[in-house]
Amino acid sequence: MTKDSYYRNMEEDAFDVVVQYINAMELIGAKDFFRKGGRIDMCTAITKLIADGRDEGIRVGRDEKTERVVSNMILRGMTDADIRAVAECGQELVDEIRCRLKESRHSRFPKL
């Protein structure tokens, strides 16, 4: 796609159709960012969309890893100070995960 100059210099209507077709509605809001002289650079738009998706995936993966680490440390009885230091997170996350763990423990073993 990057070798075809048409995609680097699309009319706005054509850009809108492609965005609808590939279901990338977040590009519509960022259209002005990709505009060059009244036309849209679709190659740059798609490259940014891919990069943004990759960055989001990395962030989500890191967040999930941090939550697993905090959860495991809580279950092993470590202090909040140690958890925050090792997981590099705030007390709010520690409290949130501790609450989730308590809720899941109670839902698995309901009182009779």
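This is a predicted model: local features need pLDDT of at least 70, side-chain atom pairs count only at pLDDT 80 or more; totals for chains, interfaces and linings use all residues.
1. Main core. The largest nonpolar core has 10 residues: Met10, Phe15, Val19, Ala24, Leu27, Phe34, Ile40, Met42, Ala45 and Ile46. Two helices, α2 (12-21) and α4 (42-75), each contribute at least two of its residues. Helix α4 gives the largest share, with 3 residues.

2. Second core. Apart from that core there is a second, separate one of 9 residues. Met73, Ala87, Cys89 and Ile97 are among them.

3. Val19. This member of the largest core lies in helix α2. Val19 is buried, and its relative accessible area is 0%. If residues up to four places away in sequence are not counted, Val19 touches Ala24, Met25, Leu27, Ile28 and Met42. Of these, Ala24, Leu27 and Met42 are also listed in the largest core. For a sense of distance along the model, the C-alpha atoms of Val19 and Val86 are separated by 43 Å, and the two residues are 67 apart along the chain.

4. Phe34. Is Phe34 buried or exposed? Phe34 is buried, with a relative accessible area of 3%, which is under the 20% cut-off for that class. Phe34 belongs to the largest nonpolar core. Setting aside neighbours within four places in sequence, Phe34 is in contact with Leu27, Arg39, Ile40, Asp41, Thr44, Ala45 and Lys48. That list includes Leu27, Ile40 and Ala45, which are core residues too. It also includes the charged residues Arg39, Asp41 and Lys48, each of which comes up again below.

5. Phe33 and the aromatic pair. The structure holds 1 aromatic pair. Phe33 and Phe34 form this pair in an edge-to-face arrangement, with 5.0 Å from centre to centre and 85° between the planes. Phe33 is exposed, at a relative accessible area of 60%, whereas Phe34 is buried. The ring of Phe33 also has a charge over it: the charged end of Lys48 sits there, 5.9 Å from the ring centre.

6. Salt bridges in general. Side chains of opposite charge can pair when their charged atoms come close. How many salt bridges does the model contain? The count comes to 10 salt bridges.

7. Glu11 and Arg39. These residues form a salt bridge in which the closest N and O atoms are 3.7 Å apart. Glu11 is partly exposed, with a relative accessible area of 46%. Arg39 is partly exposed as well, at 29%. Arg39 is also one of the contacts of Phe34.

8. Lys48 and Asp52. The salt bridge between Asp52 and Lys48 has its closest N and O atoms 3.0 Å apart. Both residues are in helix α4, and because they are 4 residues apart there, about one helical turn separates them. Asp52 is partly exposed at 38% relative accessible area, and Lys48 is partly exposed at 32%.

9. The side chains of Glu56 and Arg59 meet in a salt bridge with an N to O distance of 2.7 Å. They are 3 residues apart in helix α4, so they are separated by about one helical turn. Glu56 is partly exposed, with a relative accessible area of 39%, and Arg59 is partly exposed, with 40%. Together with Asp63, these two residues are linked in a network of salt bridges.

10. Asp41. Where does Asp41 lie? Asp41 is in the loop between β2 and α4. Asp41 is buried, with a relative accessible area of 2%. The Asp41 side chain makes a polar contact of 2.6 Å with the side chain of Thr44. Leaving out neighbours within four places in sequence, Asp41 is in contact with Tyr7, Arg8, Phe34 and Lys36.

Methods. Residues are numbered from 1 along each chain as its sequence is written. Side-chain values use heavy atoms; hydrogens and water are left out. A nonpolar core is a set of buried Ala, Val, Leu, Ile, Met, Phe, Trp, Tyr and Cys residues joined through side-chain atoms within 4.5 Å. Buried means under 20% relative accessible area, exposed over 50%, partly exposed in between (1.4 Å probe, protein chains only). Contact means heavy atoms within 4.5 Å. Rings of Phe, Tyr and Trp (its six-membered ring) pair if their centres lie within 6.5 Å; planes under 30 degrees apart count as stacked, over 60 as edge-to-face and the rest as tilted. A charge sits over a ring if NZ of Lys or CZ of Arg is within 6 Å of the ring centre and within 35 degrees of the ring normal. A salt bridge is a side-chain nitrogen of Lys or Arg within 4 Å of a carboxyl oxygen of Asp or Glu. A polar contact is a pair of N or O atoms within 3.5 Å; within protein, one must be able to donate a hydrogen and the other to accept it, and residues adjacent in sequence count only if both atoms are side-chain atoms.
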